Amino acid sequence: MTIVELYEKAAQRGLPSLIWGPGQARRLALMRRYAALEGARILVDGCGIGIYVEALRAFSPEVHGLDIDAGYLREARRRGIGCLVQAAAEALPYPDGSFDVILSHEVIEHVADDRRAVAEMVRVLRPGGRILLFCPNRWFPFETHGHYWRGRYRFGNTPLINYLPDPLRNRLAPHVRTYSGRALRRLFAGLPVRIVHHTRIFPAFDRIACRHPRLGRWLRRLADRLERTPLNRLGLSHFLVVEKIR
């Protein structure tokens, strides 16, 4: 597979977390704040190569992973991770009420039908269980999934695409969705759930911190402060916690 083909695949299905770093640890801390993970039956819906499956098994032996991509699952199994299933998020192969916690980490923006994928998560969640959902924020100043120009995919962060009107934005980035807060919550309209928590989080600046530790620490402290202000509307990702009520 060429580098262009790899980038195209990443554009269509997302690039899963490949290593565990401070950014992943920070998101795991958020999950622990809003869901009881100890001993829970957990599904990582869109698990990639299993980074979060592996991390969550520190809290429970009942962690299952699902992904549509066979290559990612092969890599997860090569790394010794089990309880993995290949399937689409729109048709989860589990009975109703199977899980206490479902993690959807930067996945729904890539699925064919996001509304159906959300409904499936709710279906396989038990009453009182919680969905922990991360996805791109429409008002982050960069589109992190690249863009198309004159029929060619261009990998990398692209400024301000998501600020354009939908018809133009979707021509430049037809391969991925991004969500305003209202649009994200609308996915759950009519389903038997309640919104427990909704915020937006900034990047962890892991790459910068690796090259320039002092600058990375300063940026992380700044991001932590901004997340507690109205400027969190400019954050990288939504973090939404949803509880099934019946």
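Where is the place of tryptophan 139? Tryptophan 139 sits in the loop between β5 and β6 (142-143), with strands (E, at least two residues) and helices (H or I, at least four) taken as DSSP runs numbered from the N terminus. The model is predicted, so that local features need pLDDT of at least 70 and side-chain atom pairs pLDDT 80 or more, whereas totals for chains, interfaces and linings use all residues. Residues are numbered from 1 along each chain as its sequence is written, and side-chain values use heavy atoms, without hydrogens and water.

Tryptophan 139 has 39% relative accessibility and therefore counts as partly exposed (buried is under 20% relative accessible area, exposed over 50%, partly exposed in between; 1.4 Å probe, protein chains only).

The largest nonpolar core has 27 residues, and Leu37, Val44, Leu56, Leu103 and Leu132 have the most contacts inside it. Such a core is a set of buried Ala, Val, Leu, Ile, Met, Phe, Trp, Tyr and Cys residues joined through side-chain atoms within 4.5 Å. At least two residues of this core come from each of α2 (22-34), β1 (42-45), α3 (51-56), α4 (70-78), β4 (99-105), β5 (125-136) and β11 (237-244). Apart from it lies another core, of 23 residues, including Ile102, Met121, Leu133 and Leu240.

Seven aromatic pairs are counted, for rings of Phe, Tyr and Trp (its six-membered ring) with centres within 6.5 Å; planes under 30 degrees apart are stacked, over 60 edge-to-face and the rest tilted. Tyrosine 94 and phenylalanine 99 form an edge-to-face pair, at 5.0 Å centre to centre and 85 degrees between the planes; both residues are buried. Tyr34, Phe134 and Phe239 form one aromatic cluster.
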